[in-house]
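User: I am new to this structure and would like to go through it step by step. Please show it, and then I will ask about it.

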Amino acid sequence: MRGMMGRLLGERIHAIVVRRPDLRWPLPPGLGQALKGRTIESFRRRGKYIFIRVSGGQSVLLHLGMSGRVMLDDADSTLEVGEGKLRHEHVAFTTEGGQRFGLVDPRRFGALDLVETEAEDQHPLVAAMGPEPFDPAFTADTLLKAFAGRRSPVKVMLLDQRIVAGLGNIYVCEALFRARIHPETPAGLLGRPALKRLVVAIRAVLQEAIDAGGSSLRDYVQPDGELGYFQHAWRVYGRAGQPCPACKGDPGCPGVAQITQAGRSTFFCPQHQPAVDNGPAVSVDTGHRQGRISRKSKNSA
């Protein structure tokens with residue numbers, strides 16, 4: 001979003017081309033006519049969605065899906081499809097100030113819609129979202145309440161946008177590693193101390209990713225076409241079979257492991273993130289009846 005703000009904020013849309021009627025869902029009818037001549041006034045992020053607010057009280061809701069990206073460049077003389085990076089460009093516009101926006105989405109899992117700015121939070125795609133990770137309302141107590149009585153693995157729960165908005169698979173793996181929480185731990189077994197560590201870890205991972213320009217997976221790049229660099233700081237994601245950076249050569253550490261949860265790859269260190277037994281016991285963290293702590297560690301729950 002920062003890349004778009006730097007190039008597009010305050011720009012007036014001059015010409016727009018819509019090359020297909022849908023992405024994951026149908027595009028709003030008359031999209032081009034509705035945006036032509038509008039000034040881009042501000043940007044807002046909600047979870048994995050971006051609202052581009054334009055003059056006239058409307059917002060463009062944008063979601064990039066799995067492999068979508070925004071390409072920003074200086075405007076040229078045409079909006080026709082070019083070669084290479086523009087092959088799957090479905091929507092493009094130029095501005096009066098000489099900027100060019102292109103939405104490229106090879107798999108068409110992204111979304112684009114128009115909504116009244118004052119009704120952004122009522123849009124069906126964001127209405128049920130949980131708090132933002134950097135929102136003061138996102139606390140250990142928030143998670144404690146959301147996880148209460150839940151047997152689903154904490155990794156799966158954190159990917160539920162109704163619990164916390166905007167967390168993706170990579171960042172959840174990295175945050176659980178830093179918080180020393182096994183990804184298969186039933187969410188309801190986690191006590192307040194573990195959840196405090198988790199909130200701190202989530203914010204730290206996200207802030208580092210923002211500072212580094214994001215993560216790059218295969219065909220995903222930043223809006224200006226440059227790769228993000230946070231992938232170079234991954235401690236466990238994509239590192240199955242490699243030594244755990246926390247265990248530092250401990251002969252008892254099996255290294256980074258990989259499992260599949262809810263169809264997504266999960267990476268973790270079984271020693272640094274020890275499992276929690278599921279039998280009833282008193283949690284060492286909260287004093288409530290929760291999961292029995294594995295003898296491997298007292299840091300799991």
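User: How many helices and strands does the secondary structure of the protein come to?

Analyst: This is a predicted model, in which local features need pLDDT of at least 70, side-chain atom pairs count only at pLDDT 80 or more, and totals for chains, interfaces and linings use all residues. Residues are numbered from 1 along each chain as its sequence is written, and side-chain values use heavy atoms, with hydrogens and water left out. Helices (H or I, at least four residues) and strands (E, at least two) are DSSP runs, numbered from the N terminus. The count is 6 helices and 12 strands.

User: What percentage of the residues of the protein count as buried?

Analyst: Buried means under 20% relative accessible area, exposed over 50%, and partly exposed in between (1.4 Å probe, protein chains only). Of the 301 residues, the buried share is 48%.

User: Is His-88 buried or exposed, or in between?

Analyst: His-88 is located in the loop between strand E5 (69-74) and strand E6 (89-95). Beyond its neighbours within four places in sequence, His-88 is in contact (heavy atoms within 4.5 Å) with Leu-103, Val-104, Asp-105 and Pro-106. Its relative accessibility is 27%, so His-88 counts as partly exposed.

User: What distance separates the C-alpha atoms of His-88 and Gly-68?

Analyst: Along the chain, His-88 and Gly-68 are 20 residues apart. Their C-alpha atoms are separated by 9.3 Å.

User: What is the relative accessibility of Leu-9?

Analyst: Leu-9 belongs to the loop between helix H1 (2-8) and strand E1 (13-18). Leu-9 counts as partly exposed because its relative accessibility is 44%.
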